Amino acid sequence: MKFVPLEEAADVYLSGSACQVHRVGVQAAPASAFFERLRDLGRAVSDLREDEYWSGGLGYFRRRRYFIQSTPLTVSDPALELLAYVARAREHFSTCRSLYPEHADGVEQVCDALMDLLMSNIDPLSDAVVDAFAEYKTDRVGVVLPTFGFDKLVQRHLRRRTDSDIDVLTPRDLAMRRPYDVLFVIGRPWWYVGRRWGWVYTAPRASVVVMLGYEDHMREGLPSTRAFSESVTAVAPVHDDAVADPGTSDEGDEAGVDWSFISGEVARRAVGADTADLVEARMYLLAAGCAAFLAASEESRVPTLEPDAPEDGRLVYIQAPEIGPGSIVLLRSEGGGDLIVAVADGILGPAAGPLRAMQEAWKSRLRALVAERGAASVVAELKRHGSIRANRSNLANWCSPRSLRTDDEQDFLAIMRAIELEGQAAQYWKAMAKLESAHRRAGHEIREQLEMQARTADLTALEEEGRADFSLPQGGGALTAFRVEEVSPEIVAVPYQHLGDPFEARA
Amino acid sequence: MAVIEEEVGAEQEEGGLQLPELWYAGTRARRRIPPWAEGFVRLGASAAGAFWDGERLVAAVAVPTRAYAATLAGVGAVAARTPPALDDGKPSAEVLENHFRLLSSLRPGTTVTVRSGRTKNVGTFEGIESSGRGPLIVIKQKGFRQMFPKSGCHCISLHGRSLSCLFVGRVNVFEEEMTGKDVVTRDSAPLETVLKVGRFAARRDHDIRSDILPAAGDVPARLREAQPDLIVFDGTAGFRHWRENWRNAPWLVILDRTSAHFDEGVQLIDEEFAERASTHDQAPDLRPPPGTELMAFWSSR
């Protein structure tokens, strides 16, 4: 959140006071052929949606379709990676004829249609922007994309084609800029509304908004400017020059992401995991074809980068639910395990081993007790032994390797009694205090190092590719900054050990 | 962009109150703040101290940008709740009328100062009583009750630190809006000279009219006993964090449509509306500033 002078704010109110919306729909035969073939295949295998073979395989096509429909670039531009994904899809479906012979021809047709599209070398979205641009005699024109990572490339492309200083940006950037005279909004409205960017239409940043996309998408209705259930509004109505027909698009997937593959990823990680280890999490699709699970709880804080912030304010820890498309998260990409544990062990030196052994000793006994008698029974026993905070939630936390000891020594003593280590309670309490102190120092050191890296890092790679690598000295391992591209709407339960671990996402 | 002509005119009035004339640094010249900005000043003035039969006002505004919405509403609230300067001479009828209205809207138990000749005594406001001579303000002092007609109410003033407005939000952004030179009074003074924000006050400065609570964390000691006339929440995060702590004051919640948490903020307001337990069907008479959407209701919670 940055300071906005009143004059800039006044521009925002002015642009919203008489906004005109125009719609420009494009059609291109090779593109339509690919979209239709893909839609037909999707319908044919709709009963197999939960099968990873199909959710993963169709995902290759659907994501490419989304980029084709949302990015004003020539279809043969390497950035769209159509050739690479045709190859991946062919490889993935190489077993189709033996596994699903009834669908093999359909798959082949989709691959062929995508290749035909690639070879056509068309650029329909840009063509439409160039044509429409010529009608508006104004300096301040912008183009909004619903995706990340293409804005610089598309900007170069459109500036060349229009011979102008046209800006290309994402909604995140748009919110911070002065309003434009004309704003081209690329793609279907739902791609913006679904990502909490519906304000592109309800609080427009231009006097003229030109919705531009493939024909079917341009029939979609705009979100209502009315926010509250009972209100008085002084918001000027948006003058939309078309009658919307909301029922024309049959795409149920979210911007080419078929989230049904999540269940497979969750199942793989949950195999053999203790119930006590499971935490609520969401999957985040990241740039460079990666993904990660992050805790869904508001208590969880994630280090993020704000590249536009002043150098000493780039590293910001934010609550996980605040992370959305465009956020840049820092995740551990090398070294494995919890970063704080690794750095804390480095601080402790030779003392780390015995201390960790003691940590594991009391926790494994407590977990075994819970497994044998059940959580409710163990809670009751802890209370009998004098615990004042024993309940299911705290018990789960005490069992977790992520906690070191109880807040209150009385609770710790109760645990020691329950697991028959009462005679060594004081020794264990002191040992866990040493670990806690090392963890605090580790957290402080990590933050300092990250802040230094964030201050001095060359963020060009981050802007262009959506990822950048950092390394931490003193055995901290490597971190990677990833731009978040999509956020799953579903909350799932994954073992805490898998939180923040980036992996390849096939969708 | 069309040239905005400078407006030179009278100060705003809201229900008989004089609201400050504010100017901003335009590209070519200093200009009066535009109608939408004046709308927030008026809104804050109307919302401050807004109670009806013990039910407080809850208002939320959906805005296209958060810039200055909360700050200007706060300026209106402070201006409306700041008693006029009352000297020993006879105040005008209009001044007495405004002051009486201000005192009448106080919550029972509010600490006041009563001047009697050269002495000043501390008392508490009990309420208004009707009499053949008209309404009387009842002040309880040590061992006795005193009743003041309108003509004598200038002897009563608000005591010590009485917050007209409590802002909830990002301190650094408020600081620029309140202490910077972008928007100023007619005398080119920063808004802070009107707001008198405790957070920015010098140690010796006791004339505090407003303060800022960060959107997260604990209540600072200086605000634990505060009973502000209006709480202005700048965004969903602060509203979500603090709403259960401050159910004794009127609220004004600013929700920025471009915020990722806008929908959540709307949902929270709709929840408050559903659970308001109000005996009043009639919505408060408030006007949304141009370009915004306003939801307002009375709440007994």
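Residues are numbered from 1 along each chain as its sequence is written, and chains are lettered from A in the order in which they are written. Because the model is predicted, local features need pLDDT of at least 70 and side-chain atom pairs count only at pLDDT 80 or more, while totals for chains, interfaces and linings use all residues; side-chain values use heavy atoms, with hydrogens and water left out.

**Chain A, overall**

Start with chain A as a C-alpha trace, which spans about 85 × 65 × 50 Å along its principal axes. Chain A holds 19 helices and 16 strands (DSSP runs numbered from the N terminus: helices are H or I with at least four residues, strands are E with at least two). Of its 507 residues, 51% count as buried. Here buried means under 20% relative accessible area, exposed means over 50%, and partly exposed lies in between (1.4 Å probe, protein chains only); the areas come from the Shrake-Rupley method.

**A negative patch**

Select A:D139, A:D163, A:D165 and A:D181, which form a negative surface patch. Such a patch joins like charges within 9 Å, using residues with over 30% relative accessible area and no salt bridge; Asp and Glu count as negative, and the charge of Asp is placed at CG. Within this group, A:D181 sits in strand β4 (residues 180–186) and is partly exposed, with a relative accessible area of 34%.

**The loop at A:D408**

Next, go to A:D408, in the loop between α16 (392–399) and α17 (409–418) of chain A. With 24% relative accessibility, A:D408 is partly exposed.

**Salt bridges**

Side chains of opposite charge can pair when their charged atoms come close. Over all chains there are 37 salt bridges (a side-chain nitrogen of Lys or Arg within 4 Å of a carboxyl oxygen of Asp or Glu).

Select A:E220 and A:R188, whose closest N and O atoms are 2.8 Å apart in a salt bridge. A:E220 lies in the loop between β5 (206–214) and β6 (232–233) and A:R188 in the loop between β4 and α10 (189–193), so this pair ties together parts of chain A that are 32 residues apart in sequence. Both A:E220 and A:R188 are buried.

Move to chain B and select B:R66 with B:D234, a salt bridge of 2.8 Å, N to O. B:R66 is in the loop between β6 (55–63) and α2 (69–81), B:D234 is in strand β15 (residues 231–234), and the pair links distant parts of the chain, 168 residues apart. Both B:R66 and B:D234 are buried.

Then select B:R243 and B:E271, where the closest N and O atoms of the salt bridge are 3.6 Å apart. B:R243 is in the loop between α6 (236–242) and β16 (251–256), and B:E271 is in helix α7, 28 residues apart. B:R243 is buried at 13% relative accessibility, whereas B:E271 is partly exposed at 33%.

Back in chain A, select A:R63, A:R195, A:R483, A:E485 and A:E486, which salt bridges with shared partners join into one network.

Select B:E21, in the loop between β2 (17–19) and β3 (22–25). B:E21 is buried, with a relative accessible area of 5%. A polar contact of 2.9 Å joins its side chain to that of B:W23 (a pair of N or O atoms within 3.5 Å; within protein, one must be able to donate a hydrogen and the other to accept it, and residues adjacent in sequence count only if both atoms are side-chain atoms).

Finish at B:H280, in the loop between α7 (262–274) and β17 (293–299). B:H280 is buried at 11% relative accessible area. B:R107 is 173 residues from B:H280 in sequence and 19 Å from it in space, C-alpha to C-alpha.

Notes. Patches are made of residues with over 30% relative accessible area and no salt bridge: like charges are joined within 9 Å, nonpolar side chains (Val, Leu, Ile, Met, Phe, Trp, Tyr) within 5 Å. Accessible areas come from the Shrake-Rupley method with a 1.4 Å probe; for residues, only the protein chains shown count as cover.
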